[in-house]
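Below are my notes as a few numbered points, meant to be read with the viewer open.

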Amino acid sequence: MSLPHAILTALLEKPSSGLELTRRFDRSIGYFWSATHQQIYRELGKLEQAGHIRALPSEAPARGQKKEYEVLPAGRAELADWTRRAEDPKPIRSALLLRLRAAAVVGTAGMADELSRHLALHRAQLDEYLGMEQRQFPPERDSEADRLRHLVLRGGIELERFWVEWLTEALRGVEEGGDGAP
């Protein structure tokens, strides 16, 4: 249910075409709620049918011209209602955690390489988030909207810091285990 709300949020920030939304998802919202190009277009159609968004009138209609969408009052109301709803945290589903648990019974051969790979990926993501923080949130950007967006990014930064710390510990534990046999 969150993809339509992610799209409504993005469109309230700035009316956009489906392609522009896809690009914006790749640069911001997608770090926390990813979606493919096809999912975004499919959801745009559903949101338009539900009366939550509309395509803006184009200056010169042409075949294949991109539609730019804006949020209608019903879409804003839906998004506001959604932000007030209670929602329990979702259980973590991680193939890596499950694989490490399986390695406890079948042996850790190959786990150090996979943990190292994940560690490198999380370090790179942390570096990217820290760079975004520096570029996008200078001290003078202190509106309520900026503070809330910064909190979202800080959540991502802290999650990446957790993964870097945990993966470093897990890697050390696997490497200290020796030959990989259970």
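1. A word on burial comes first: a residue is called buried under 20% relative accessible area, exposed over 50%, and partly exposed in between, using a 1.4 Å probe and protein chains only. At 32% relative accessibility, S28 therefore counts as partly exposed. S28 is placed in the loop between α2 and α3. The C-alpha atoms of S28 and R101 are 73 residues apart along the chain and separated by 33 Å.

2. Some ground rules for the reading. This is a predicted model, in which local features need pLDDT of at least 70 and side-chain atom pairs count only at pLDDT 80 or more, while totals for chains, interfaces and linings use all residues. Residues are numbered from 1 along each chain as its sequence is written, and side-chain values use heavy atoms, with hydrogens and water left out. Helices (H or I, at least four residues) and strands (E, at least two) are DSSP runs, numbered from the N terminus.

3. Let me start with the sheet. Three strands form an open sheet in the order β1-β3-β2, with antiparallel pairing; two strands pair if DSSP finds at least two bridges between them. The edge strands are β1 and β2 (53-55), each of which pairs on one side only.

4. Two bridges join β1 to β3, and S16 stands opposite Y69 in β3.

5. Which residues make up the covered face of β3, and which the uncovered one? Y69 and V71 are on the covered face, whereas E68 and E70 are on the uncovered face. Helix α1 lies across β1, β2 and β3, running at about 100° to β3. For such angles, axes are lines fitted to C-alpha atoms, for helices over the stretch in contact, and the angles run from 0 to 180 degrees between N-to-C directions.

6. S2 is in helix α1. S2 has a relative accessible area of 13%, so this residue counts as buried. Leaving out residues up to four places away in sequence, S2 touches W33 and W82, where contact means heavy atoms within 4.5 Å.

7. Helix α2 (residues 18-27) deserves a look of its own. Its buried residues are G18, E20, L21, T22, R24 and F25. These buried residues pack against α1 (2-13), β1 (16-17), α3 (37-49) and β3 (68-71). By contrast, D26, in the helix α2, is exposed, with a relative accessible area of 54%. The C-alpha atoms of D26 and T36 are ten residues apart along the chain and separated by 9.4 Å.

8. How do α2 and α3 meet? They pack at an angle of about 130°, with their axes 9 Å apart. The two helices are therefore oblique to each other; angles under 35 degrees count as roughly parallel, over 145 as roughly antiparallel, 65 to 115 as roughly perpendicular and the rest as oblique. The contact is made by G18, L19, L21, T22 and F25 of α2 with H37, I40, Y41 and L44 of α3. By class, this contact of α2 with α3 has six nonpolar, three polar and no charged residues. Here Ala, Val, Leu, Ile, Met, Phe, Trp, Tyr, Cys and Pro count as nonpolar, Asp, Glu, Lys and Arg as charged, and the others, Gly among them, as polar.

9. Finally, the other helix pair. Helix α6 (residues 111-136) and helix α7 (residues 144-176) pack at an angle of about 155°, with their axes 9 Å apart. α6 and α7 are therefore roughly antiparallel to each other. The residues of the contact of α6 with α7 divide into 16 nonpolar, seven polar and six charged. Within α7 you will find G155, which counts as partly exposed at 33% relative accessibility. G155 and F32 are 123 residues apart in sequence, and 9.7 Å apart in space from C-alpha to C-alpha.
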